Structure formats: C-alpha cells, structure tokens
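Let's learn to read a protein model together, one feature at a time.

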Amino acid sequence: MNSRQPIPVVVLAGFLGSGKTTVLNHLLAHRAGTRIGVVVNDFGSIEIDAMSVAGQVGDSMVSLGGGCLCCAVDGSELDAYLEKLAAPEHRIDVIVIEASGLAEPQEMIRMLVASENPAIRYGGMVEVVDAAEFDATRSRHPETDRHLAVADLVVLNKTDRVDAGERARIEGLLATLCAPGIPVVGADHGRIDPELLFDRRPWTETRGQLSFEDLLAEAQGHDDDHSAHAHAAYESVEFVSEQALSPRRFIDFLDRRPAGLYRIKGFVHFGVPGHGEKYEVHAVGRFLRFAPQPWGRGEPRISQLVLIGSGTDGPGLLRELGACREEAPHELGPESMWGVLRYVAQPAPPAQPEEETAEADAPAQAEPEPGPDAEYEPECEHDPEYAYEPDPEYEPEPEA
C-alpha cells in the first residue's frame, strides 16, 4: 500500500467475550512487516509485546479511553483519530478499529463511509461470534441479529469448545441471519489468517542487532508443523489473463461468488474506451471496492487476481474467471462499466475560490439513467458513494 492510496479501515466488532481482542492480538503478532494502526476503547487487553513487535506503540495507536466510538454524533472525534493515524509519517498500511462490545456497527460504518478524509477508505466489517455462547449472546443481546445482517465477514470463534453437530447448527443459523453469501470463518483462540483482511508486507531485512520482527520471524520459523497454522485451512488460487475482462461478466462472477471465498485482491484490465486504467479489486467477504489507478511505465496490461477461500472449487473458480475474458473490449460502450463504477468511491470535489461561485453554482448535470442492458443489481449496499468520473487527463500508455 503506497502513501498515495487510501488506507483501508477495518471494523472489528462483536459482543463482550466473543474474542475480538484475541483476534486483534493474533493479527498484530502475525502481520509480518505490515504497519497496523489500531483504534481501541481500552488498552488493557491489548498485548503490549505484540504492539511493540508491530511497531505501533506511540503515535500510531490511539485510545478513546472509556468512550464508545459510535457515540460521536457527527463522527468528528473518530475522524480526528483516523486523521492522526493516516498521517504520512506513520506509513500505516491498514487501520483496525476494535469496537466496544456494545457499539452499533451500523453507525460506525455510516461514519466511515461519510468521512471526507481522502487518506482513508472503509475496508469492511468483521463480526466475531462466540460459538460456545451463541444462543446465550442472542438472548442477552437481541441486536445480535442486526449486527450480523451488516457484517461482511463473520468469525465463528471458540469452535474448539463445541462439537461438530453444534457447530453445524450455528453455521446454519448464521446463514439465515447474515446477508446472502456472507462467509463464515471458523477459528479457535482468534486465529485467523491476516491475509483474509489485508496484505501482509514481507519482513524487513536488518543488519546487526536483530529487530523485534526478526526475533518473531525466527521463533515462528522453528514451528515446522504447518497443519497447526491458521492458513492451513485456506486455499489460495491465482488467476492471470493477458486478455481484457468483460466488466459485466466479472461483476456477475463477483455477485455469485461462493460463501467460502473470503477474500479477492489484485488488478483487473477491462480495456473499455474511456476506462483504460487498471482497476484494483479489494473484497473482504461481501464487501467490494474498485480503485482505478494509472498503469506504470512499461507495465503489461494484464489482469491478476488472488482468491483466498476454504472449501471452494479452485479449478471451477478459474474456469468462471476464464469465461469473463472479452475478445473485443474496444467495442464495448460506457454503460458496460456501470456495474464496476458503482463500487468506485467518488472523490471529494476540490474547494472552489469564492470568485468562482458562478461556475460552482451552476446546476449539476443529471447522471444518465441505466439503459435496458444494465442487467444486474450489485449485492453490496455499504457504500452509497457509487458515482465515479474518470480522470480526464489520464492517457493510457500505447500498447507495445
């Protein structure tokens, strides 16, 4: 993640005792070289050793004391903390908000989506659920169902404390309480693969005295039993295409992706006239975001995706993605991109000098209504900022 790209903000939610802090500590201890900024309600349960290893103690971690994030009516308090963490000198790659056990995730999502800070972007909401206390939690907190309904990914924690039949029963209930297709990741002691939520940077090589990262990497390197690692439960599939992809068929693939497909990341080349940029894809569960970026000098125009899941049909996913290839992208009209552009954030307009009020006050042109060939309705409803205008100064580099 370079400093010019918005920093994803992931909301980690769940009721008291579900294991949110355990999940967060696991992410911090296994994030490799990734710099994680953390917003928490209480330092007390965060493992300071893990924070030290992550290099996050100090200005790159903030606390709200005893307050609840969603209590800031206008979101200004949260914005101030996020602005502090997103400062370029911290070089933060991802921000994780550990919500209060009684926080309302809907309000937190609303504040993040409505934020005018161009340095951050909403990165999805993860709900942690206690498998051993699932029924009791729903009884004490009827709002559990409402929280699950807005989750992008559910971590069913403490699966080691229930038998196979009970786990299957809970997973069946979750399938009815969550939005269609929301993936459920089983975990014990909060051990999930950080790659499900963010990209991990490689360890930084050092000279001389070993750093905290080197010590932790060395300690982990002695564990040869990979079957015990969190990532052993997940499969990773890579898709590369030198041929452009059809935006409509690709969106259809994303809308139909199986619940076991936890994360999709990479870049896509559509090649539609007026949309020659490469489109970064970021999906966590059902959360989806595209971000157009210019191609680097001499960079090949290809699509490259990594799909991380469990219990998925890897060859089948590759066949479906292969069917998204488009032989004549230059013949597609701009309406073919409407489905993709629904998931591109609208940048905040630049401030206008007062003397330019005549232009600023001019009525905005209405957006075109979708034509009869707009055949889909994307399932993700977290982001209302769907409109997108390509950079008028962007000129794709001519093909070699």
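The dialogue below goes from the whole chain to one strand and then to one residue.

Q: Where do I start, and how many helices and strands does the protein have?
A: Start with the overall inventory, and keep in mind that this is a predicted model. The secondary structure amounts to twelve helices and twelve strands. Of the 400 residues in the protein, 48% are buried.

Q: Which residues of strand 6 lie on each side?
A: In a regular strand, side chains alternate between the two faces of the sheet. Here Leu153, Val155 and Asn157 take one side, while Val154 and Leu156 take the other. Both faces are covered, as every one of these residues is buried.

Q: Which strands pair with strand 6?
A: Look for bridges and for the direction of the partners. Strand 5 (residues 120-130) pairs with strand 6 in the parallel sense over five bridges, and Val129 stands opposite Leu156. Strand 7 (residues 184-186) also runs parallel to strand 6, joined by three bridges, with Val154 facing Val184.

Q: What do strand 6, helix 7 and strand 7 make?
A: Follow the chain from strand to helix to strand. With helix 7 at residues 164-177, these three elements form a right-handed β-α-β unit.

Q: Is Leu24 buried or exposed?
A: Read its relative accessibility: at 0%, Leu24 counts as buried. Leu24 belongs to helix 1 (residues 20-29), and its C-alpha atom is 9.4 Å from that of Ile97, 73 residues apart along the chain.

Conventions. Residues numbered from 1 in each chain as written. Predicted model: local features only at pLDDT ≥ 70, side-chain atom pairs only at ≥ 80, totals over all residues. Heavy atoms only, no water. Helix = DSSP H or I, 4+ residues; strand = E, 2+ residues; numbered from the N terminus. Buried < 20%, exposed > 50% of the residue type's maximum accessible area, 1.4 Å probe, protein only. Pairing = 2+ DSSP bridges. Right-handed = clockwise from strand over helix to strand, strands pointing away.
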